[in-house]
Amino acid sequence: MAIKKLNKEKVILGLDPGTSVMGYGLIKTEGSNISLLQFGVIHLQKYSGHELKLKKIFDRVLSLINDYHPDEVALEAPFFGKNIQSMLKLGRAQGVAMAAALSREIPITEYAPKKVKQSVTGNGNASKEQVAAMLKTILKFSQTPKLLDASDALAVAVCHHYQGGNEVKSAKSWKAFLTENPTRLKS
């Protein structure tokens, strides 16, 4: 009789979508243990057209997936602002990042910014600096990133771990969808 492995190792890629700077963070979990793999930002200001920025996001997220083989991707959902054009561009950036993960059939989960802050600091209204300070303690690293987009992305990955991946999945692979909904397949 095989023994079920309870503390399966998992790699989680957290993304903080943006059109000027996009943060990413990778953690490895085993049971309740969390360790930092990598974090950083994708600089997009140097690309003149929005289409080029979207291509760079897609390519870089695929590169992270190829390098670290994450089991799951967690994204920060866009917050609702007053500028409709900014929201549209942010939504496109998020969609392209999601498409990169879906192209490799990696499950995706979205988290509201307040949910991420609440999970990491205990305060849904915490500042970016407070989130970064708590992550330094949780993940045992010493230097705060210059751009807090990187720590925001790490926070999304940590939130996902703490939530056990139990938030509503915003997107799945077509294969998983068809398996779960066999009656929706038409010949």
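Me: What covers the buried residues of α4?
Reply: The cover includes β2, β3, α3 and α5. Contact here means heavy atoms within 4.5 Å, and buried means under 20% relative accessible area, exposed over 50%, partly exposed in between (1.4 Å probe, protein chains only). Helices (H or I, at least four residues) and strands (E, at least two) are DSSP runs, numbered from the N terminus.

Me: Before we go on, what kind of model is this?
Reply: It's a predicted model, where local features need pLDDT of at least 70, side-chain atom pairs count only at pLDDT 80 or more, and totals for chains, interfaces and linings use all residues. Residues are numbered from 1 along each chain as its sequence is written, and side-chain values use heavy atoms, with hydrogens and water left out.

Me: OK, back to α4. Which residues are buried there?
Reply: Val131, Ala132, Leu135, Ile138 and Leu139. Down the axis of α4 they fall within an arc of 125°, so they line one face of the helix. That arc is taken from the directions from the helix axis to the C-beta atoms.

Me: And which exposed residues sit on the face turned away from that?
Reply: Glu129 and Thr137.

Me: What follows α4?
Reply: Lys140, with a positive phi near 55°.

Me: Now α3, which residues are buried?
Reply: In α3 (residues 113–121), Val116, Ser119 and Val120 are buried. They cover an arc of only 90° around the axis, which puts them on the same side of α3.

Me: What covers those?
Reply: The cover includes β4 (72–76), β5 (108–111), α4 (128–139) and α5 (148–163). Just after α3 comes Gly122, with a positive phi of about 85°.

Me: Switching to strands. Why is β2 largely enclosed?
Reply: Eight of the 10 residues of β2 (residues 21–30) are buried, so the rest of the structure largely encloses it.

Me: How many bridges join β1 to β2?
Reply: Eight, and β1 (residues 9–16) runs antiparallel to β2. Strands count as paired if DSSP finds at least two bridges between them. Lys10 stands opposite Thr29 in β2, and the hairpin joining β1 to β2 goes through four residues.

Me: What about β2 with β3, parallel or antiparallel?
Reply: Antiparallel, over 10 bridges, with β3 covering residues 33–43. Met22 has Ile42 in β3 as its bridge partner.

Me: How many residues are between β2 and β3 in their hairpin?
Reply: Two, and Gly31 in the turn has a positive phi of about 65°.
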